[in-house]
Amino acid sequence: GLYCTLEVDSFGYFVNKAKTRVYRDTAEPNWNEEFEIELEGSQTLRILCYEKCYHKSKLTKEDGETTDRIMGKGQIQLDPQTLQDKDWQRTVIFMNGVEVKLSVKFTSREFSLKRMPSRKQTGVFGVKIGVVTKRERSKVPYIVRQCVEEIERRGMEEVGIYRVSGVATDIQALKAAFDINNKDVSITMSEMDVNAIAGTLKLYFRELPEPLFTDELYPNFAEGIVLSDPVAKESCMLNLLLSLPEPNLVTFLFLLDHLKRVAEKENINKMSLHNLATVFGPTLLRPSEKDSKIPANPMHPMAMTDSWSLEVMSQVQVLLYFLQLETIPTPDSKRQSILFSTEV
């Protein structure tokens with residue numbers, strides 16, 4: 001049973017970003033799987049090839065984790081100059097007698113993180129959240145409730161949940177099923193790798209035509225998070241949060257509760273509140289193009305990178321702030337609907 005994991009270096013250490021399916025009974029697996037991996041200052045892509053060990057008792061580490069046998073290790077440098085090419089670049093990595101063929105294509109952040117409003121208003125991806133909740137007569141979009149429910153059912157102890165990429169084709173299949181309101185979507189989900197479900201939820205928020213925190217309030221959240229007085233900061237941040245439109249607020253609080261529950265199992269899934277904020281911050285806060293404050297100066301790519309990094313750090317900090325707040329008081333008028341939504 002062979003499988004590979006893909007890791008990239010992120011701020012000084014390697015993090016696992018993707019894992020292929022396990023191929024049994026063959027020395028020449030043909031995975032043919034595609035992953036989209038976010039790079040955060042990464043310079044190296046590392047590939048590890050493992051043999052799945054089914055006799056777990058023999059390979060148990062001190063902390064009780066089981067470990068599979070590593071067959072080979074290899075890496076490729078993620079050189080921005082080489083990767084600027086728009087086409088897929090085929091590469092072969094030789095490691096300890098194992099030969100792995102892969103193709104790599106780089107997409108710059110301006111394109112990979114672009115919010116793409118849907119032309120049709122019938123689906124859920126790329127459609128305003130208020131339109132979807134009104135159509136469904138729901139407080140929280142069905143897609144969000146379904147994905148959260150499935151992850152809480154079997155993904156809470158998955159190492160790297162929300163950080164490890166799902167297979168791109170699985171995510172696209174789930175996206176299509178939700179978009180056409182396929183009644184069998186829950187059956188499809190139950191048979192799918194949990195990382196693809198996590199990836200679908202992230203994609204939904206990433207493709208909202210306007211961020212969950214709204215374009216209008218985004219600059220205010222960015223200003224509020226840098227206030228030094230903790231009392232003023234809490235007052236400002238809570239007032240801003242409660243100014244969000246109701247579908248946005250109720251959906252955010254529903255997601256927030258879920259992410260806190262994920263972090264409660266950090267000792268198993270390795271996802272701390274900070275890790276979750278890093279994954280979800282830009283997804284929930286990044287403004288749509290017209291409101292983005294990013295300088296568009298092609299002569300100074302470094303300035304652009306720095307600006308992106310500062311903006312991303314701010315988005316992470318905003319989400320982390322709410323994740324770390326003990327309680328979020330809500331006005332009575334909204335409390336009923338919020339209670340209802342979190343019980344759905």
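**Helix packing, a buried helix and an open sheet**

Helix α4 (residues 142-154) packs against helix α10 (residues 246-264) at an angle of about 10°, and their axes lie 11 Å apart. Since angles under 35 degrees count as roughly parallel, α4 is therefore roughly parallel to α10. The model is predicted.

**Contact of α4 with α10**

- On the α4 side, the contact is made by V144, R145, V148, I151 and E152.
- Their counterparts in α10 are T251, F254, H258 and R261.
- By residue class, the contact of α4 with α10 divides into 4 nonpolar, 2 polar and 3 charged residues.
- An α-helix has 3.6 residues a turn, so residues three or four places apart point the same way.

**Helix α7**

- Helix α7 (residues 194-206) has 13 residues, which at 1.5 Å a residue should span 18 Å.
- Of the 13 residues of α7, 13 are buried, so the helix is largely enclosed by the rest of the structure.

**The four-stranded sheet**

- An open sheet is formed by 4 strands in the order β2-β1-β3-β4, with antiparallel pairing.
- The edges are β2 (13-19) and β4 (69-77); each has a single partner strand, so one side of each is left without a neighbour in the sheet.
- On average, neighbouring strands of this sheet are turned by 25° against each other, direction ignored.
- Strand β3 (residues 44-51) pairs with β4 in the antiparallel sense over 8 bridges.
- Y50 has I70 in β4 as its bridge partner.

Notes. Residues numbered from 1 in each chain as written. Predicted model: local features only at pLDDT ≥ 70, side-chain atom pairs only at ≥ 80, totals over all residues. Heavy atoms only, no water. Axes fitted to C-alpha atoms, helices over the stretch in contact; angles between N-to-C directions. Helix = DSSP H or I, 4+ residues; strand = E, 2+ residues; numbered from the N terminus. Parallel < 35°, antiparallel > 145°, perpendicular 65-115°, else oblique. Contact = heavy atoms within 4.5 Å. Nonpolar A, V, L, I, M, F, W, Y, C, P; charged D, E, K, R; others polar. Expected span 1.5 Å × (residues − 1). Buried < 20%, exposed > 50% of the residue type's maximum accessible area, 1.4 Å probe, protein only. Pairing = 2+ DSSP bridges.
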